[in-house]
Structure formats: C-alpha cells, structure tokens
Amino acid sequence: LIANPDAAWRLRARGRLVSAMRRYLEGRGFVEVETPILQPLPGGALARPFVTHHNALDTDLYLRIAPELYLKRLLVGGFDKIFEIGKNFRNEGISLVHNPEFTMMELYWAYVDYRAVMELVEEMIPALAAEVIGSTEIVVNGQTVDLKPPWPRRTIDSLLSEYLGLSLEEIRQDPARARQALRDRQVEVENRDTFATVVDKALKHVVWPHLVAPTFAIDYPIELSPLAKCHPADGRLVERFQPIIAGKECGNAFSELNDPMDQRRRFEEQAKNRAAGDEEAHVVDEDFLRALEYGMPPAGGLGIGIDRLAMILLGADSIRDVILFPQLRPER
C-alpha cells in the first residue's frame, strides 16, 4: 500500500462506499441488523458452503453463504425495512471476480415488489458513485458509462434470443442444441448440465459481456430462482432481476416467495438435485418453512456484492484490488 498509491486510494474509497451505502439506506428508513454467520443449514443461495464442527454441541455448522433466510424470519417477526452488511463465504473457485470470503449488502422491504427495488437500485448506485468518486460517470475499457437513471429493463428471454440465438423455450425443448451453441462460443459445458446450468453459463459467458451500460436483466426461469415469486404472466418465470454494469453482475433481487407450500415444493425439487450430485442446490429448511407458515408479508429483496460494486465504480480489474487481504494460493 505504501508503494502503490492507486491501491491505497481504491481501498480507502471502498471504505467510503460502505459508509455511503449504510447512510443512504438508513436515510430511507431501513434498519441495520445482524444475523448468524454460523448456521445449522446452508441456505439463501445456490452455492457450496464451508463446513465446520461445534465441539460442545457435537454438530456440524456451516459458514453462511447468504443471510437471506434469517432476514426473512425478521419480516415474519414484524420488521418491514431491514438490511445487513456482512461477510458471506462460498467454497468455490478464485477468479478475477470471485473471492471465497466476500462482503454483501442484503436488504428486505415489506409490501413492495421487484419493481420498487429496481427503482431503489437505479437511484442508489449513481448517488453512491457521486459521493465516492465525485461523478455518476465511470470509464469502462476506455468507454464512458453514465450511471444516471433510468436503466433499461431487458428480459432474460430477449437477451438470450439476441446474443445466443436461442429463446428460453428453445433451450428447454432442445438442451443439446443449446449446449452446442455454447461450445461454438468456447464456453465449457458438460452433457449432464441441466437447463438451469446452461442458462446460467449462457448469461455469464455470452450475454453479460455485451451489457456495458447499466441494465436490469429481468424475469428469470424458475429453475434458477428457488426463493423468488412466480411471474403472474408466466408460471415458468419469476419476478427476479440482476443489475449488470460493465459486463458484471453487481446484485440480485426479486419479489420474495412467501407461499409456504410453493416454497416447500421448490425446496424438495432442489433436494432432488442435491441428491443427484448438485452440491450447490438448497436443502429443505423446515425451520424457515415453519416461519413462512406463520405469515411473511409480500416483499422485495436485494443483495449487492460490495466488492463487485467497488470494482466497477473504482475501475479495478480484479476483486483482489478492492480487498485488503484477499484469499491467495498458499506458497509451495
């Protein structure tokens, strides 16, 4: 840091970003809370967890992959606008945009849907940029990108049709053709890849690189979103969006599923995938289902990766440039 002033500036600016986000949310009536990092079941995201053992209780616990299911319990308990900024842990690969330990802001807002959350995001991110870097414009590969709202809304179906040449329905009907379309674009796929896996790879490797200006990718297949509410116009879709800036996902949001019977069905489907070898699939969380049965209000939820957002706003090429102590491979 002493020898690299640019690195020191970015890391100080990251701190200002977190502070600015906290103030922004508190100024709009959100209450900051804390939820457990050690959890009896991994949940709230499709990811592989780290496992540890509690000696006194003689039971395995998991470092949280997301705080979602605990924050939703607070909605059941009567909180209506809450957020948490904290660490998540996912036992996955290390890359330019992934670190196994990362910082996430997650919020829940009762009695709104994903449309209201979209408006919050497209207002908040430019405001944070203006405070942290003094401008709502960023430079991406020599191109100036304006973060001011409104941001375009593009459905997943339209994006796949434009950039992969296949619609969601065509991928469902002919997964082999979709896998070949990805191989033709040098994307690594396996014959056992499910519909959800193929769509996820297509978005990350084929679609997102084209989305430089801020864009909301909306209305995802239900298979990719086991905790989101179904779209009223098509039961195969859910009310979910991701904000994409500079070709990178910087968040995830949806209208929250609050029907306990529907949630149980989706958990059970995920459990089948887990039994078939998908280590990232959800387990059935009976305690959370019991909380839903008491009654969770309709709500919109949002998660924003602080590290990823810092990369985008501060012009960093690697997530390691915005983390003080990133995970590195051990010396041999």
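Helices here are DSSP runs of H or I, at least four residues long, numbered from the N terminus. The model is predicted.

## Helix 10

Just after helix 10, glycine 315 has a positive phi of about 70°.

In soluble globular proteins, nonpolar side chains tend to be buried together. The largest nonpolar core in this model has 50 residues, and those touching the most other members are Met21, Leu25, Met105, Phe241 and Ile245. Helix 3 (residues 114-133) supplies the largest share of this core, with 11 residues.

Leaving aside neighbours within four places in sequence, methionine 21 is in contact with Met105, Met124, Leu128, Ile304, Ile306 and Leu309. A second, separate core contains 45 residues, among them Leu159, Leu237, Phe288 and Met296.

## Helices 8 and 9

Helix 8 (residues 260-275) packs with helix 9 (residues 286-295) at an angle of about 160°, and their axes are 9 Å apart. Angles over 145 degrees count as roughly antiparallel, and helix 8 and helix 9 are therefore roughly antiparallel to each other. Their crossing is right-handed.

Helix 8 contributes Pro260, Gln263, Arg264 and Phe267 to the contact, while helix 9 contributes Glu286, Phe288, Leu289, Leu292 and Glu293. By class, this contact has 5 nonpolar, 1 polar and 3 charged residues.

Methods:
Residues are numbered from 1 along each chain as its sequence is written. This is a predicted model: local features need pLDDT of at least 70, side-chain atom pairs count only at pLDDT 80 or more; totals for chains, interfaces and linings use all residues. Side-chain values use heavy atoms; hydrogens and water are left out. Helices (H or I, at least four residues) and strands (E, at least two) are DSSP runs, numbered from the N terminus. A nonpolar core is a set of buried Ala, Val, Leu, Ile, Met, Phe, Trp, Tyr and Cys residues joined through side-chain atoms within 4.5 Å. Buried means under 20% relative accessible area, exposed over 50%, partly exposed in between (1.4 Å probe, protein chains only). Contact means heavy atoms within 4.5 Å. Axes are lines fitted to C-alpha atoms, for helices over the stretch in contact, and angles run from 0 to 180 degrees between N-to-C directions. Angles under 35 degrees count as roughly parallel, over 145 as roughly antiparallel, 65 to 115 as roughly perpendicular and the rest as oblique. A crossing is left-handed if the near helix is turned anticlockwise from the far one by less than a right angle, and right-handed if clockwise. Ala, Val, Leu, Ile, Met, Phe, Trp, Tyr, Cys and Pro count as nonpolar, Asp, Glu, Lys and Arg as charged, and the others, Gly among them, as polar.
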